[in-house]
Every structure is written in C-alpha cells, then in structure tokens.
Amino acid sequence: MEFRTARLPARFKPEGINALVRIGSVYDGGYVIAAHVLAETKAILTFGLGLNWDFEREMDALPPVKTIHCYDHTVSYDAIRKEYAISLLKYFNKKTKRRRKIELFKDYRDFFRTSKRIQHFEKEVCTITGDKKSTVNSAFGFIANPKHVFLKCDIEGAEYNVSDQIVENASKCCGIVIEFHDLHNRENDFESIMQGLMETHLVDHIHVNTHCELSESGLPSVVEVSMSRKVRNLHQSEIGELSGLAQSLVGTSLDFPNHPDHADIQLTYGS
C-alpha cells in the first residue's frame, strides 16, 4: 500500500487534552470523538446520512440520547424499499448483492421507522427552506431544547454554503464532526470556518479521508474534524457506564483508513 503524509497548519493541531473514543464503523462511517461528550449528548443532528448509520446507532445506545434527526435528500426510503422488492426476485441479482439489499432495507426500517424520536428527513441541507430543503437554523429549531446536540456534517462540499449557520449554532453543540471537502482548493474558507468554531470548541481530532487527493504541498482535499465544546474535562468516573460502544478503549489505535484496501494517511502540522 502506498504510504502518504499530509499536512495542516499548526494552529489546527488537536489540543490533546480529552480522552478519545471511536464511534461507528471501523472504516467509513466511524469517527473519533471526545469521550466526555457521550455523557452530555441528548440529541444527534446528522447532515448527510448516506447508507451507513452505524454512528447514529451506537450513539442511540447511550442513555442520555433522546432524539436523532438525520437529513439527506440523496437517500430515499421508497428507493431502498424498491431495491428490496427487486432483490426478492432471485434471477435479478447475485446472491450476495440480494442479501445486502435485503439487509439494508430491514436495517433502515428497523432503525428509522420504529420510533418517532429517530427520523430521517429526505431534505437537502442548504440556504433555503422548502418541501425538500432545510436550513441549518430550521433543523436546530426542530429539536426540542437544543442545548446538548451532537452535530455530524458530511454533505459533500455543501458545508461551505451553510457554514455561517453552523458557526451560529455551534454553542448548542456539545460535540461536532465535520467532513470538509475540496480543502486543497478552499483553504481560506476552511480556515475561516475553523476559526469561527474554535471560538466555542476545542479541536479533539483530525483524520484525513483516505479517498482524498493531496496537493503538491501536502494539503489534503478531505479531512474529518472532531471538536468538543469548551467545558471542563469530565473525569472518567463521571462518564458512567455507557452501553453500545463497539470501540471505546482509550489508548488503543482509534484511527482507521476509510477503506480496508487503503493505507491510512499520516497527518503532520506546521506553518
């Protein structure tokens, strides 16, 4: 596997003061976040769901979490159900592909359609509100008492369009994960958003998405940034017994590449 090294400005180097845990999948769909945030999170707000909700599922296992709202216009229950129906016709697909489609439909149905507190809105997160569109402000406004929200944002570059509202609502978030895209071409925009978020939050972890390109200077095109609200660091005993965590061993390797066939990318920090 090709080993690569990326770089970011030193001012964005993680603080290194919070214990970390990994929530979600081993590869794509998993994120390294501050452990103490797990005891504070009461609502999950996801912008960009895709077909992997392992992160939301594991967070849902935490006793404090009462609400999970996911926004993604590219994922449709009707489309998933249609693929499921087709997969029942054995001559249409290979056995492995059929099984995956059946499992996906059942998993979506069981997670999103059995409880009103867990909802998937087939809406695009953007700058206007409409039948198939939602602003960041309206998404936060739809959560009752939004003071302990964990925000996960992966909307394929649209994060820059709604960044003002993300920063505006950041004080309501005990934790934030944002995947920044096209960073090597939008370094100034990235720095501006990060500086805004760092007014209220600490940088806990940054991972380079291993699908990304690197510029000649080593700047990555896609990074996953984890942050936590600037509050006192909770002692481990205060976190309590938190169920449903697949990988929560502090001190072990928490970073993994985004695909099992990739080598992880080492990240360095400098001027």
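**Notebook: cavity and pockets**

The model is a predicted one, in which local features need pLDDT of at least 70 and side-chain atom pairs count only at pLDDT 80 or more, while totals for chains, interfaces and linings use all residues. Residues are numbered from 1 along each chain as its sequence is written, and side-chain values use heavy atoms, with hydrogens and water left out.

**Cavity**

I noted a volume of about 80 Å³ for the largest cavity, a volume being the space filled by probe spheres set on the grid points, which are joined across faces, edges and corners. Its lining has 13 residues, and Arg22, Gly30, Tyr31, His207 and Glu224 lie nearest the centre; a lining residue has an atom within 4 Å of a point. The elements giving two or more residues to this lining are β3 (30-34), β11 (201-208) and β12 (223-229), with strands taken as DSSP runs of E of at least two residues and helices as runs of H or I of at least four, numbered from the N terminus. The largest share, 3 residues, comes from β3. I sorted the lining into 5 nonpolar, 5 polar and 3 charged residues, with Ala, Val, Leu, Ile, Met, Phe, Trp, Tyr, Cys and Pro counted as nonpolar, Asp, Glu, Lys and Arg as charged, and the others, Gly among them, as polar.

**Pockets**

I then turned to pockets, which are open sets of points with protein on both sides within 12 Å along at least five of seven lines. The largest pocket holds about 530 Å³ of space, and of its 31 lining residues Gly48, Leu49, Gly50, Asp154 and Glu156 lie nearest the centre. At least two lining residues each come from β3, α1 (54-60) and β7 (124-125), and the lining divides into 10 nonpolar, 11 polar and 10 charged residues.

For the second largest pocket I recorded a volume of about 350 Å³ and a lining of 17 residues, with Leu51, Trp53, Arg100, Lys101 and Leu104 nearest its centre. The largest share of that lining, 5 residues, comes from α3, and its residues divide into 7 nonpolar, 3 polar and 7 charged.

**Confidence**

I checked pLDDT, the predictor's confidence in each residue from 0 to 100, and found a chain average of 86, with 90% of the residues scoring at least 70.

Conventions:
On a 1 Å grid over the protein atoms alone, a cavity is a set of points where a 1.4 Å probe fits but cannot get out, and a pocket is an open set with protein on both sides within 12 Å along at least five of seven lines; lining residues have an atom within 4 Å of a point.
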